[in-house]
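Please keep the sequence and the model in view while reading.

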Amino acid sequence: MKTKPFSKTKSIVTYVVCGVLIVALAIGNYYASLYKDLITVYTSGSDVVTTDESAKVCQTIEEEGMVLLKNEDGLPLKEGAKVSLLGQDSVDFVYGGSGSGSVDTSQALNLKKAMEASGFEVNETLWDFYDSGAGKDYRKSVPDETGAGEFAVNEVPASVYTDDVKDSFKDYNDAAIVCIGRSGGESADIPTEPLASGYKYLELDQDERDMLTMACQNFDNVVVLVNANNAMELGFLNDEAYKNVKACVWVGGVGQEGIKAVAEALAGKTNFSGHLADTYAYDSQSAPSIENIGDFTITNSDVTNGNKYTVYSEGIYVGYRYYETRYEDAVMGSGNAGDYDYTSTVQFPFGYGLSYTDFKWSDYSVEDKGDTYEVSVTVKNTGDVAGKDVVEVYMQSPYTDYDKENGIEKSAVELCGFDKTKELKPGESQNITISVDKKELRTYDSNNAKTYILDAGDYYFTAATDVHEALNNILAAKAADGVSVNTGAMTSAGDATFTYKWTN
């Protein structure tokens with residue numbers, strides 16, 4: 001049978017369509033290769049292979065970064081302790097964020113197995129209650145990669161716990177490990193308005209408070225794991241009702257392998273050495289940036305993508321740059337601090353972190369090396385177990401009339417370097433030297449000079465364990481120099497001997 005040949009027009013159309021498909025395929029293949037790991041996560045594939053080396057890196061990052069926030073003899077747990085893992089987050093742990101921060105949880109170890117691998121006995125009845133029993137119907141939710149969905153806590157209400165679950169507490173009573181989880185990431189901002197529960201997303205809701213009450217009623221030692229990617233409101237740690245909360249650890253999103261590090265630290269096989277990279281305020285919405293946060297759309301825009309905007313009226317005063325600057329203004333009686341009580345505003349300052357051991361610092365010195373300052377301090381482990389400490393170097397530059405006249409913003413204190421010691425055995429010391437480039441002293445003048453400037457005046461350098469201690473050291477040094485400082489308004493006396501002043 002003779003087939004009819006394509007017409008010239010059909011041939012041209014066919015070639016064009018094929019050409020477009022080839023180009024589209026090439027472009028799609030290119031971008032698919034760029035995002036193959038993320039695509040694999042969302043399609044539940046098995047293309048992502050975790051090597052022993054990458055697994056160890058993930059575990060080490062968690063080990064070095066998680067932060068011990070509170071410890072009143074709650075940790076480390078005794079060897080072979082029988083523990084109960086409380087909270088739906090215990091079986092639905094936050095491993096990462098959304099979007100490109102996602103983790104393939106199908107290959108991740110769960111908390112129960114990690115605890116057992118570190119020598120603990122875990123309450124099976126309680127675990128099964130959350131995993132496959134009545135508690136399985138309660139799981140936190142977050143928007144998907146496109147932003148669809150909602151943030152919800154969905155903790156198991158106290159009324160859902162059965163008698164056999166509560167009875168199981170008696171046999172696994174060495175400690176309750178309470179897991180509090182929050183997620184966040186791309187595509188959707190964490191809500192600033194109260195959730196349906198009436199509570200803010202970054203505070204405990206009523207079901208979590210009821211669970212914590214139940215834990216304190218049944219256990220003498222309650223340990224809270226803050227499994228969140230954002231700074232939460234942790235004022236409940238000070239409540240008398242929760243006095244049995246003996247320890248609290250911020251673990252963040254642990255990644256695919258980091259949960260092993262959490263269990264080993266709880267067992268005391270490793271020591272905590274992480275320090276906070278955020279300021280933890282009692283009220284997460286107390287910063288000035290909250291005034292303009294939101295999802296704003298340009299009215300009558302001609303485009304559907306790229307029609308959003310954000311207002312940054314707070315300038316540099318974000319995080320510790322706001323809380324510490326307002327604190328100094330309140331102490332010095334300068335600026336517009338108003339009625340500001342630092343201790344009731346900030347719970348854990350930037351740079352804060354505890355250890356199972358104690359450290360003592362000495363021999364603070366600063367040497368001018370031409371283009372840099374070399375800041376040195378000797379750290380000694382004065383405790384009973386091995387551990388690492390972190391030396392943080394902060395600076396204050398003068399805030400001059402020129403700065404005020406030209407709208408130059410300055411923080412009262414600024415991190416300019418840090419380093420961690422090696423693991424120090426009890427009684428062992430190490431000298432830490434941190435190099436600070438003199439370029440750190442400059443300030444950008446965007447309104448007048450339109451370049452970097454170096455103000456005349458006094459520059460202070462200090463070494464401290466956190467940003468608030470650093471600022472108190474500087475205020476103590478300024479008082480010793482004859483500057484009018486209301487030392488009675490300071491939260492601590494500070495240590496002027498741990499400061500160095502250079503006058504330009």
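## Salt bridges

Glu-428 and Lys-422 join their side chains in a salt bridge, with N and O 2.9 Å apart; the term denotes a side-chain nitrogen of Lys or Arg within 4 Å of a carboxyl oxygen of Asp or Glu. Glu-428 is partly exposed at 22% relative accessibility, and Lys-422 is partly exposed at 44%. Here buried stands for under 20% relative accessible area, exposed for over 50% and partly exposed for values in between, with a 1.4 Å probe and protein chains only.

The structure holds 21 salt bridges. Among them is the one between Lys-369 and Glu-367, whose closest N and O atoms are 3.3 Å apart. Lys-369 has 48% relative accessibility and counts as partly exposed; Glu-367, at 43%, is partly exposed. Lys-136 and Asp-137 also meet through their side chains, at 3.8 Å from N to O. Lys-136 is partly exposed at 42%, whereas Asp-137 is exposed at 58%.

## Basis of the model

The model is predicted: local features need pLDDT of at least 70 and side-chain atom pairs count only at pLDDT 80 or more, while totals for chains, interfaces and linings use all residues. Residues are numbered from 1 along each chain as its sequence is written, and side-chain values use heavy atoms, with hydrogens and water left out.

## Overall architecture

The protein has twelve helices and 19 strands; these are DSSP runs numbered from the N terminus, helices being H or I with at least four residues and strands E with at least two. Its C-alpha atoms fill a box of roughly 105 × 70 × 45 Å along the principal axes.

Of the 504 residues, 44% are buried. Among contacts (heavy atoms within 4.5 Å) with a separation of 6 or more, 76% are between residues 24 or more positions apart. The protein exposes about 25,200 Å², of which carbon and sulfur atoms supply 49%; accessible areas come from the Shrake-Rupley method with a 1.4 Å probe, and for residues only the protein chains shown count as cover.

## Aromatic pairs

Rings of Phe, Tyr and Trp (its six-membered ring) pair if their centres lie within 6.5 Å; planes under 30 degrees apart count as stacked, over 60 as edge-to-face and the rest as tilted. By this rule there are 20 aromatic pairs. The Phe-169 and Phe-219 rings have centres 5.3 Å apart and planes at 55°, so this pair is tilted. Phe-169 lies in the loop between α6 (163–168) and β4, and Phe-219 in the loop between α7 and β5 (222–228), so the pair ties together parts 50 residues apart in sequence. Phe-169 is buried at 2% relative accessible area, and Phe-219 is buried at 1%.

Tyr-322 and Tyr-323 form an edge-to-face pair, 5.0 Å centre to centre with 65° between the planes; both Tyr-322 and Tyr-323 are buried. Ring pairs also link Phe-129, Tyr-130 and Tyr-161 into a cluster.

## The surroundings of Glu-203

Glu-203 is placed in the loop between β4 (175–182) and α7 (206–218). At 14% relative accessibility, Glu-203 counts as buried. Its side chain reaches the backbone nitrogen of Lys-200 at 2.8 Å. Leaving aside residues up to four places away in sequence, Glu-203 touches Arg-182, Glu-208, Arg-209, Met-232 and Glu-233.

How values were computed. Polar contact = N/O pair within 3.5 Å; in protein donor to acceptor, adjacent residues only side chain to side chain.
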